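Good morning, and thank you for coming.

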Amino acid sequence: MTIMNETQKSLILEAATTVVESAKTLQNGADIGIDAMKNFSRFSASKHSFEVYLLMDASFAAIPEIEKFQSAIFDFEGHYVKLRNLIDEKMDSKAAKPSFEVLENSFESLKKYLA
């Protein structure tokens, strides 16, 4: 069983919170254009920060709650990944909503684990 100290838990929780907040902005924001691309960039940066904190200990990535959260991030991101390169590509936030809800639920499970 992997043991995290309080600092590690705090850093991972903060990074996960930022992922969910930026995902919410992406989900509820512009579906096309520069604003959509900016929201996707923020989400991508948040995701990257979360992944970097997992590098504190390689065993963290094997924690089921973290695995589920990472999987939910990946699934949600798939709805918006075209925004990385295509400014005129319209995103379907309605289609992404179920993935966003899974992301929120997995975040709640991660928060309980880290508490």
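This is a predicted model: local features need pLDDT of at least 70, side-chain atom pairs count only at pLDDT 80 or more; totals for chains, interfaces and linings use all residues.

Residues are numbered from 1 along each chain as its sequence is written, and side-chain values use heavy atoms, with hydrogens and water left out.

Let us turn to the opening pair. Helix 1 covers residues 6-28 and helix 2 covers residues 34-54; their axes lie 8 Å apart, at an angle of about 160°. Helices here are DSSP runs of H or I with at least four residues, numbered from the N terminus. Axes are lines fitted to C-alpha atoms over the stretch in contact, and angles run from 0 to 180 degrees between N-to-C directions. The angle therefore makes helix 1 roughly antiparallel to helix 2, a term used for angles over 145 degrees. Helix 1 passes helix 2 in a left-handed crossing, meaning that the near helix is turned anticlockwise from the far one by less than a right angle.

Which residues make this contact? From helix 1 they include Leu11, Ala15, Val19 and Ser22, and from helix 2 they include Ala36, Phe43, Ser46 and Tyr53. Contact means heavy atoms within 4.5 Å. By class, the contact has 13 nonpolar, six polar and two charged residues. Ala, Val, Leu, Ile, Met, Phe, Trp, Tyr, Cys and Pro count as nonpolar, Asp, Glu, Lys and Arg as charged, and the others, Gly among them, as polar.

A polar atom of the Ser22 side chain lies 3.0 Å from the backbone oxygen of Val19. Setting aside neighbours within four places in sequence, Ser22 is in contact with Arg42, Phe43 and Ser46.

Ala36 lies in helix 2 and counts as buried, at 0% relative accessibility. Apart from neighbours within four places in sequence, Ala36 is in contact with Leu26, Ala30, Asp31 and Leu83. Val52, also placed in helix 2, is partly exposed, with a relative accessible area of 39%. Although Val52 and Ala15 are 37 residues apart in sequence, their C-alpha atoms are 9.4 Å apart in space.

We move on to helix 3, residues 64-78, whose axis comes within 12 Å of that of helix 2 and crosses at roughly 160°. This makes helix 2 roughly antiparallel to helix 3, and their crossing is left-handed.

The last pair is helix 3 with helix 4, residues 93-114, where the axes come within 8 Å and cross at roughly 160°. Helix 3 is thus roughly antiparallel to helix 4, again with a left-handed crossing. Among the residues involved are Ala72 and Phe76 of helix 3, and Phe100 and Tyr113 of helix 4. Their classes are twelve nonpolar, three polar and three charged.

Note on methods: Helices (H or I, at least four residues) and strands (E, at least two) are DSSP runs, numbered from the N terminus. Angles under 35 degrees count as roughly parallel, over 145 as roughly antiparallel, 65 to 115 as roughly perpendicular and the rest as oblique. A polar contact is a pair of N or O atoms within 3.5 Å; within protein, one must be able to donate a hydrogen and the other to accept it, and residues adjacent in sequence count only if both atoms are side-chain atoms. Buried means under 20% relative accessible area, exposed over 50%, partly exposed in between (1.4 Å probe, protein chains only).
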